[in-house]
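Open the structure in your viewer and keep the selection tool ready. This tour tells you what to pick next.

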Amino acid sequence: MAERAGRAATGSSSTGPAPTVVVRGGTVLDEQGERRADVLVRDGRVVALHPDLDVPAGATVLDAGGCLVAPGLVDLHSHLRQPGAEEAETVETASRAAVLGGYSAVVAMPNTDPPIDDVSVARHVLELGREALCTVSVAGAITVGRAGERLAPMAELAGLGIRLFTDDGAGVQDGGLMRRALQYARALGVVLAQHCEDRAIAAGGVMHEGAWSSRLGLPGAPAAAEEAMVARDLALVGLTGAPMHFLHLSSAGSLALVAAAKAGGLPVTCEVAPHHLALTEAELAGYDPIFKVNPPLRAWRDVLALRRGCAEGLVDAVATDHAPHPPEAKDAPLDHAPPGMLGLQTAWAVTLGALHRGEPAYGEVEATAEGAWDRAVPGGAMRGMAGGGPVPAERSRGHLPVPATGGQVPVRARSGRLPARDSGGQVPTMTVRDVVGLLSWRPARIAGLAVDQGGEHGGPVVPGGFAHLCVLDPAEPWTVDGATLASRSRNTPWHGRRLTGTVRHMLVAGEPVVVAGEAQR
Amino acid sequence: MTTVPADVLHPPRTSLLSVADLGAEGIARVLRLSDHFVEIGRRPIPKVPALRGRTVATVFVEPSTRTRLSFETAARRLSADVVSFTPDTSSLGKGESLRDTVQTVAAMGVDCFVVRHASAGVPAQVARWTSRSVVNAGDGWHEHPTQALLDCATIRQALAERAGLRVADTGVELFDGLRVAVVGDVAHSRVARSNVLALGALGARVTLVAPGSLLPGSLAGWPVHGVTADLDAVLGEIDVCYVLRLQTERGAGAFVPSLREYTAGYGLTARRVARMAGDAIVMHPGPMVRGVEIADDVADLPRTVVLRQVANGVAVRMAVLFLLLGSDEQLASDELGAGAIHGGSAGARGSAHAEKRGAGRG
């Protein structure tokens with residue numbers, strides 16, 4: 001059943017016979033290793049690999065010099081917005097962004113309008129996926145209307161081959177209901193995926209609660225809001241024995257909980273998002289809602305913990321949480337703007353930069369309490385008012401506290417300076433192959449899309465294998481321009497910033513859907 | 001190192017978004033200048049031509065009569081024209097976005113937006129959407145810079161009187177080592193944030209006094225001397241007791257078990273005032289909730305300078321608008337004796353200059 005279901009749950013595009021293609025000059029890289037090889041692709045399959053392949057007559061040759069030829073990336077976490085918010089994104093536009101980002105498969109999150117809590121909506125999205133440029137898999141909702149009150153028809157949805165269920169956008173708040181969902185899911189052989197956020201503890205926070213939220217006067221959501229639900233759900237996994245996947249973990253504390261649970265043998269997996277590996281809460285200093293995301297960008301120590309979790313194998317996947325919103329929705333006060341940022345076209349470069357090259361986070365230096373205080377709001381300078389130049393830093397930071405008297409507690413003893421980069425020590429960097437694994441074969445297995453699960457994704461790149469291949473240039477720099485991304489929305493946090501790592505070509509089912517960085521349809 | 005230069009995303013311009021933008025020197029300059037405007041306010045016709053031809057728009061998306069009237073009075077006393085927006089009277093109520101509203105108004109030739117909003121950061125956003133000056137008139141829990149400035153002006157007056165000096169003869173050195181307690185709902189208070197910044201910059205020793213549930217999630221980096229939950233422990237050691245309003249309309253009531261218990265722990269009663277030094281003053285940003293954070297009889301004591309705070313509000317806001325919108329010539333002459341403000345020859349030149357610029361923008 002798993003095999004049949006695994007295939008049925010995806011809409012794979014097919015537009016007639018794919019041409020014969022030779023991917024020439026690259027280094028083939030998959031779960032089994034890496035080797036210099038040209039790759040011959042015909043009829044949607046890899047036909048041959050050889051260091052110096054003869055090009056058959058009529059074959060399309062794609063130059064992969066200096067590039068990696070890897071199994072297509074698999075995104076566990078994409079918001080395709082269709083049905084219901086087509087002004088933000090459609091299955092088609094998201095799939096174009098996906099292939100331009102190196103993805104051959106994406107899992108569509110069910111928080112659409114109407115939500116994917118019903119067979120008819122799931123069928124509709126799968127149908128749209130058949131016209132898409134990549135494989136579109138679907139996740140179903142855990143509860144009806146994602147309202148957290150009663151279980152969605154999981155067995156009916158599983159009958160379509162749906163393997164992941166989540167109320168993403170919100171966590172299931174009712175622990176009793178979550179327990180029943182896990183018990184029910186276990187018998188179906190499906191996996192529940194939780195957006196961990198205790199709503200009462202988060203209390204409407206719009207950014208990470210810490211030095212920056214306190215300085216900026218923005219309501220903060222503490223890491224404890226995430227960690228409390230991780231802890232609760234780990235207890236429920238222990239109780240029910242049902243497997244579970246944790247979506248977009250963002251705090252050091254969450255990873256510590258998952259590490260302990262895995263060490264104890266619990267059947268859990270977890271993902272992190274590229275932006276949580278590269279950006280910190282300091283990005284909110286300018287009050288730009290582009291940087292509002294849920295879970296929020298956190299402190300530098302959390303960024304380091306996530307990187308460490310990836311390097312040590314604790315984290316099972318990097319997933320984009322691609323969340324398009326139209327400009328008018330983001331041009332609002334921070335507490336009214338919806339959370340979310342684009343991710344599909346930048347994930348490869350951002351993840352490679354964070355985990356392989358160990359690049360510093362953007363805003364790293366400012367991600368300290370003193371930074372929060374000194375920098376205040378950029379751009380607010382009253383030119384001509386401050387008189388004699390900048391105020392000395394010693395002065396603007398206020399006076400150091402003197403020893404406490406009476407009932408007073410010195411501030412620094414209570415909260416102190418936020419940990420800066422030294423707090424996490426040296427985070428080991430990862431090989432490129434391990435980074436690709438976090439983006440490809442490891443998430444493919446969680447999504448039930450791997451070959452040994454009856455799917456087509458995540459490699460290996462071998463004769464007879466499915467020709468979902470990305471050709472990745474790990475060294476090419478580029479500057480992100482939100483307006484030229486394939487998404488219908490522009491809410492990328494990387495606009496105007498420089499990244500290193502591009503997608504040169506992309507084959508989906510043997511069809512070259514991206515050639516030299518250009519989408520072919 | 002910040003990888004994206006701040007001025008790419010937020011071009012520097014003449015706006016007042018945070019009192020921290022001013023620094024100690026800037027605050028001192030506002031206070032010096034407001035001395036002139038206090039004097040002007042005492043005249044039979046309290047009006048000068050300094051900003052003739054300039055237009056100030058007050059955009060108050062959160063209800064506030066006092067602050068809006070204070071800004072509008074300040075602008076009119078400088079002879080600026082004033083246009084006024086509230087959600088009830090504008091197309092904001094029809095679903096137009098704030099960004100479109102701001103850009104529409106800017107296109108009419110407004111020189112300065114005075115922005116009040118329930119959400120932190122909106123003045124910073126407005127400053128990105130328009131090239132005009134923006135004054136933060138209070139944004140969410142973030143800041144209320146002109147409140148902190150008028151509070152500093154009020155403290156300076158009280159300190160000068162205490163020392164037997166003329167206010168105009170004193171500077172901000174009076175603040176060095178000044179002991180200030182900020183009492184109450186710090187977490188949800190923009191007034192607290194701006195005052196902590198301003199007083200910290202001037203060298204005062206600020207102690208926060210509040211139950212843990214009314215403190216922000218982190219105090220890391222705050223330029224404060226200490227924090228305590230025990231008001232009685234600090235009363236005898238302060239020069240200024242700054243009482244914050246318990247913001248029950250923002251749900252702050254849920255952060256303490258009851259108003260009765262809050263008042264018992266943090267309400268400024270006559271019994272508590274009696275433990276303060278004889279010349280220590282009591283301040284409150286208003287509107288006061290008598291019987292909750294401040295007892296009725298305390299609110300009317302001579303040492304309670306609330307009405308003086310309000311009176312100083314107009315002069316301080318005149319100073320801010322003048323510094324933002326006055327011409328370079330006017331600002332230069334302000335340093336030489338405020339000739340521009342008083343309508344002297346330098347002022348006449350300045351006004352003509354301002355009108356020319358204003359016409360060019362219209």
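**Stop one: two helices in chain A**

Select Glu226(A), Glu227(A), Val230(A), Ala231(A) and Leu234(A) in H8(A); they meet Gly253(A), Ser254(A), Leu257(A), Val258(A) and Ala261(A) in H9(A). By class, this contact of H8(A) with H9(A) has six nonpolar, two polar and two charged residues. Bear in mind that the model is predicted.

Now show both helices whole. H8 covers residues 223-240 of chain A, and H9 covers residues 252-263 of chain A. Their axes come within 9 Å and cross at roughly 15°. Angles under 35 degrees count as roughly parallel, so H8(A) is roughly parallel to H9(A). Look at how one passes the other: H8(A) makes a right-handed crossing with H9(A).

**Stop two: two rings in chain B**

How many aromatic pairs are there over all chains? The count comes to two. Select one of them, Phe37(B) and Phe322(B). The ring centres of Phe37(B) and Phe322(B) are 6.1 Å apart. Their planes stand at 65°, and planes over 60 degrees apart count as edge-to-face, so this pair is edge-to-face.

Phe37(B) sits in helix H2 (residues 23-41) of chain B. Phe322(B) sits in helix H12 (residues 306-325) of chain B. The pair links distant parts of the chain, 285 residues apart.

How values were computed. Residues are numbered from 1 along each chain as its sequence is written. Chains are lettered from A and ligands numbered from 1 in the order in which they are written. This is a predicted model: local features need pLDDT of at least 70, side-chain atom pairs count only at pLDDT 80 or more; totals for chains, interfaces and linings use all residues. Side-chain values use heavy atoms; hydrogens and water are left out. Axes are lines fitted to C-alpha atoms, for helices over the stretch in contact, and angles run from 0 to 180 degrees between N-to-C directions. Helices (H or I, at least four residues) and strands (E, at least two) are DSSP runs, numbered from the N terminus. Angles under 35 degrees count as roughly parallel, over 145 as roughly antiparallel, 65 to 115 as roughly perpendicular and the rest as oblique. A crossing is left-handed if the near helix is turned anticlockwise from the far one by less than a right angle, and right-handed if clockwise. Contact means heavy atoms within 4.5 Å. Ala, Val, Leu, Ile, Met, Phe, Trp, Tyr, Cys and Pro count as nonpolar, Asp, Glu, Lys and Arg as charged, and the others, Gly among them, as polar. Rings of Phe, Tyr and Trp (its six-membered ring) pair if their centres lie within 6.5 Å; planes under 30 degrees apart count as stacked, over 60 as edge-to-face and the rest as tilted.
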